[in-house]
Amino acid sequence: MSRVPEGPATHCPYCALQCGMNVAGGEVTPREDIPANAGGLCQKGWTSAELLASPERLTTPLLRGRPATWDEALGFAAARIRAVQEEDGHDAVAVFGGGGLTNEAAYQLGKFARVALRTAQIDYNGRFCMSSAAAASGRAFGMDRGLPFPITDIGRADALLLAGGNVAETMPPFVRHLTRMRDGGGRLIVVDPRVTPTAALADLHLQVTPGTDLALALGLLHLAVAEGYADLGYLAARTSGFEAVRDSVAAWWPERVERVTGVPVARMREAVRLLGTAPRAMILTGRGAEQHAKGTDTVTAFVNLALTLGLPGREGSGYGCVTGQGNGQGGREHGQKADQLPGYRKIDDPAARAHVASVWGVDPDDLPGPGQSAYELLDALGTPGGPKALLLFGSNPVVSAPRAGHVTERLGALDLLVVADLVLSETAAMADVVLPVTQWAEEAGTMTNLEGRVLLRRRAADPPPGVRSDLAVLHGIADRLGRGDLFPTDPRTVFDELRRASEGGIADYSGITYERIAAETGVFWPCPRTGEDGGPHPGTPRPFLDRFATADGRARLVPVEHRPVAEEIDEEFPFYLTSGRVLAHYQSGAQTRRVPALNAASPEPFVELHPDLAERLGIEPGDTVLVRGRRGSSECVARVSAAIRPDTLFMPFHWEGVNRLTNPALDPVSKMPEFKVCAATLERRTPPRATAVAGAVAGAVAGAAVGAAVGVAVGAVAGAGNIVAAGTERAR
Ligand SMILES: Nc1nc2c(c(=O)[nH]1)N[C@H]1C(S)=C(S)[C@@H](COP(=O)(O)OP(=O)(O)OC[C@H]3O[C@@H](n4cnc5c(=O)[nH]c(N)nc54)[C@H](O)[C@@H]3O)O[C@H]1N2
Ligand SMILES: Nc1nc2c(c(=O)[nH]1)N[C@H]1C(S)=C(S)[C@@H](COP(=O)(O)OP(=O)(O)OC[C@H]3O[C@@H](n4cnc5c(=O)[nH]c(N)nc54)[C@H](O)[C@@H]3O)O[C@H]1N2
Ligand code: SF4
Ligand SMILES: [Mo]
């Protein structure tokens, strides 16, 4: 294993900011050399090493809940896979991956599905994350890279609109880039139904009704055209489709948009003025705008606005998606997506199949075609004709999938569930076979951050005895299926193969090596083997400066229409329920709920509601309430806050609960579920429990600490009531 890089300098296990950190002796310290965090870390990063030595860590395989040897566990899994495939065919075994896996593991998982299992049925949790932004960027620019510019460009912008992102809680060190921008006179516009810590930093907050960003973007575009901010020279030189889009927004006059979105006309005008007059402007989207059954069109509408203003492909300006998981970017490039082969190639493209099959040493005709998207796949488990077995790496769908009660039922109907994880997640607890794997600091590999910068995860600690890497697990199963020779366990060997497989693709990694990443603090893809001068390619920090990645080099404006949410509120379920994140927890909470300091900061699930609504329903802060929807219900603690619209409830999804209610209505293009809005009601359940009150107080204190940490003026939050009041008028 001498070829695997070691050393304390690595990156955080959690989000896509991939903050640089040193890990030594169980202690974490931030790195200064990584531009994304430049010396900063959030609370999750600071405490990330605690899970390495946690007693809750899995260190032995489990077979039907009992400790087993690796040989027993892998042998059982392989024998069952063979039996299921003999009876019901290759597609009867499905694979589900995750955006937290290294590039090497994600690549190997896709190859494992297509070559060792020969199944079409593979998808991953990134479908729940950035798929709408990816689809919209692909459609407009011919390429999807979260931020198609270095994150440090943000600090030099003169105006930035962030739609549906709460970076002060989801990527706290990101705030330093926004602060730098504001210190330089730049203005921040935030679109969110809540006065989040991020919205509280903003110069202008557009407090939209959940699910109406598409109408808002159409309205902003209408105003931009009407007020003469369209950059006609740029549109003519670098884009196509402007006329059709301009005509399509003609009917979205500001008063109509105010009625649909709840955003006052004056605020829309101000947003357009700030963006239209800024020499350098940016438009960014987060999950709040994207996780809808119309997410792709919503992002397209924001991209149309950015293109109309002449932003993408101009240094210092642009459109970007603030991606999510640690390897959310790389995880969507190397083939764990149902329709994809490595290098962001399409699995139904004959040339792509031929290239990848030659790297894999298999016949292109033996490669399966596209499979189903994440929710469709989960929904089909154990049904007649659906998969009978599932191998799951790096996701906890019992907590995080939409309509989770139903998904849990489907998982329970499987003949075989195999889960590779570090802890006994809610999903692992259901598995026939649980395989304990190494964690970030115990393994080497590469991660691609939200900028498209490929980073090196070094091995900085020894794994406990008994655990194996994801690559070793895949090798162990493949070996028992007779294909072990095709699945090496050394990350560098896998990366070198990935480089060849990606060569010539959109996400070309062929010129990237572990040495270069270490020497250059990351390399931006695309990075072919050689540059224009015949020497090593420098990597591509800003891929659209000269041309877009479309066939004709032009960006495409695509007309889109607003439509209502998939499940409108009514008398029985009169409130919009939205969901998202809090600072202290990560995703399904499988990792962070096991870190004592984080659990203390945010100990239990809650629902946030407005004081007016609480008063109307007789709910006091700290009460236990039942939140009910058409698909399920969830009990949690009430938090009363003027920072939310009175028609909206917010629940974090870090605990089992909110996803029992969420709506699996899918976006037709990206297959993203409508996580961000469904209809719900709530009622007081019991008198306040002692722990509930204590929890609410602790939560409030933690919230205040967040505010302080990101420099939120308390007055801004207190003043939120006005904005809430202004933002609630809404015609039916
Ligand atoms: N602390 C923490 N940080 C994380 C993660 C985590 O779990 N915890 N996860 C990582 C991952 S995978 C991701 S994807 C990112 C997500 O990062 P973000 O997108 O910033 O996170 P969310 O909290 O899901 O959603 C952002 C905001 O959308 C708002 N919102 C809800 N509905 C709507 C709507 O209809 N329109 C608009 N405009 N806004 C709406 C919510 O109020 C919320 O404040 O965070 C990453 N970082
Ligand atoms: N209601 C609602 N639901 C949502 C969202 C929302 O905003 N609202 N957001 C969605 C989004 S954006 C996302 S990204 C998903 C995320 O939801 P999940 O897919 O459930 O993500 P995690 O909780 O990160 O699950 C990762 C699991 O893999 C394990 N793990 C971590 N690293 C590794 C590794 O290297 N190898 C292996 N084998 N296992 C590992 C962890 O312990 C954990 O159990 O949730 C989605 N669900
Ligand atoms: S912002 Fe993201 S990458 Fe940085 S320390 Fe926090 S969780 Fe880790
Ligand atoms: Mo995500």
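Me: What classes do the residues in the shell around ligand 1 divide into?
Reply: Nine are nonpolar, 16 polar and eight charged. Here Ala, Val, Leu, Ile, Met, Phe, Trp, Tyr, Cys and Pro count as nonpolar, Asp, Glu, Lys and Arg as charged, and the others, Gly among them, as polar. It's a predicted model, where local features need pLDDT of at least 70 and side-chain atom pairs count only at pLDDT 80 or more, while totals for chains, interfaces and linings use all residues. Residues are numbered from 1 along each chain as its sequence is written, chains are lettered from A and ligands numbered from 1 in the order in which they are written, and side-chain values use heavy atoms, with hydrogens and water left out.

Me: Which residues come nearest to ligand 1?
Reply: Asp-192, Asp-213, Arg-581, His-585 and Gln-587, out of 33 around ligand 1. A residue is near if one of its heavy atoms lies within 4 Å.

Me: Which polar backbone atoms does an oxygen atom of ligand 1 reach?
Reply: One of Gln-587 at 2.6 Å, and one of Gly-211 at 2.8 Å. A nitrogen atom of ligand 1 is also 2.8 Å from a polar backbone atom of Thr-170. A polar contact here is a pair of N or O atoms within 3.5 Å. Taken alone, ligand 1 exposes 920 Å², and the protein buries 99% of that (Shrake-Rupley, 1.4 Å probe).

Me: Why does ligand 1 lie between two domains?
Reply: Because domain 2 (132-321) and domain 3 (575-730) both give residues to its shell. The domain bounds come from an automatic or database assignment.

Me: Which helices and strand supply at least two residues each to that shell?
Reply: Helix H5 (167-170), helix H12 (287-290) and strand E23 (575-580). Those are DSSP runs numbered from the N terminus, helices (H or I) of at least four residues and strands (E) of at least two.

Me: OK, switching to ligand 2. Which residues come nearest?
Reply: Asn-125, Ser-395, Ser-400, Asp-421 and Ser-588, of the 30 around ligand 2.

Me: What about side-chain N or O atoms, which residues put one by an oxygen atom of ligand 2?
Reply: Ser-400 has one 2.6 Å away, and Lys-676 has one at 2.9 Å. On its own ligand 2 exposes 930 Å², of which the protein buries 96%.

Me: And which domains give residues to the shell around ligand 2?
Reply: Domain 1 (52-128 + 327-524) and domain 3 (575-730) both do, so ligand 2 lies between them. By class, that shell has twelve nonpolar, 14 polar and four charged residues.

Note on methods:
Polar contact = N/O pair within 3.5 Å; in protein donor to acceptor, adjacent residues only side chain to side chain.
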